[in-house]
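Dear colleague,

I am handing over the structure below, and my notes on what was found in it follow directly after.

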Amino acid sequence: RLGAYFTVITILSVYRMIRRLRNEPWMGRELQRLGGWITILVLIQVAVGVMNVLFRVPPVITVIHLAVAAGILGCILRMFYLGLRGTSLAFIRSLA
C-alpha cells in the first residue's frame with residue numbers, strides 16, 4: 001500500500017506540473033491529454049484497489065486492477081516517448 005500512496009502522490013504532482021506548464025511552447029496537447037488520462041486511470045486504480053481489499057480479492061476485481069495498471073503503464077510510456085521526442089527536436093532546432 002505504501003507504493004500505491006507514493007504512486008498517487010507522484011502522478012498527482014506530475015498532473016499539477018503539466019497544468020501549470022501548459023502554456024510552454026514544448027508542452028503539446030497530447031502530453032496534456034495523457035496527463036489527464038493517467039490521473040483518471042490512477043484514481044480508478046485506487047478505487048479498484050480499495051474494492052480489492054474490502055471484498056477480499058475477487059478474481060473480477062483483480063483482472064480490472066491489472067487492466068487499469070496496464071493502461072497506466074501504456075500512457076506513461078507514451079508520455080515518456082513524447083518527452084524524448086520533444087527534447088530531441090528542441091536540441092536539433094537549437095543547433096540550427
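What share of the contacts in the protein with a separation of 6 or more comes from residues 24 or more positions apart? Such pairs account for 61% of those contacts, where contact means heavy atoms within 4.5 Å.

Before the details, a word on conventions. This is a predicted model, in which local features need pLDDT of at least 70 and side-chain atom pairs count only at pLDDT 80 or more, while totals for chains, interfaces and linings use all residues. Residues are numbered from 1 along each chain as its sequence is written, and side-chain values use heavy atoms, with hydrogens and water left out.

The secondary structure comes to three helices and zero strands, and along the sequence the protein reads α-α-α; helices (H or I, at least four residues) and strands (E, at least two) are DSSP runs, numbered from the N terminus. Of the 96 residues, 23% count as buried, a label that means under 20% relative accessible area, with exposed meaning over 50% and partly exposed in between (1.4 Å probe, protein chains only). The protein exposes about 7,300 Å², of which carbon and sulfur atoms supply 72%; accessible areas come from the Shrake-Rupley method with a 1.4 Å probe, and for residues only the protein chains shown count as cover.

Leaving aside residues up to four places away in sequence, Ile38 touches Ile11, Cys75, Ile76 and Met79.

Thr39, in helix H2, is buried as well, with a relative accessible area of 10%. The side chain of Thr39 reaches the backbone oxygen of Gly35 at 2.8 Å, and, again not counting residues up to four places away in sequence, Thr39 touches Ile11, Leu12 and Tyr15.

Turning to charged pairs, a search of the whole structure finds two salt bridges, each defined as a side-chain nitrogen of Lys or Arg within 4 Å of a carboxyl oxygen of Asp or Glu. In one of them, the side chains of Arg33 and Glu30 meet at 4.0 Å, N to O, and both residues lie in helix H2 (residues 29-54), three residues apart, about one turn of the helix. Glu30 also meets Arg78 through their side chains, at 3.1 Å, N to O. Because Glu30 lies in helix H2 and Arg78 in helix H3 (residues 59-95), this pair ties together parts that are 48 residues apart in sequence. Glu30 is partly exposed at 27% relative accessibility, and Arg78 is partly exposed with a relative accessible area of 33%. Through shared partners, the salt bridges join Glu30, Arg33 and Arg78 into one network.

With kind regards

Conventions. Polar contact = N/O pair within 3.5 Å; in protein donor to acceptor, adjacent residues only side chain to side chain.
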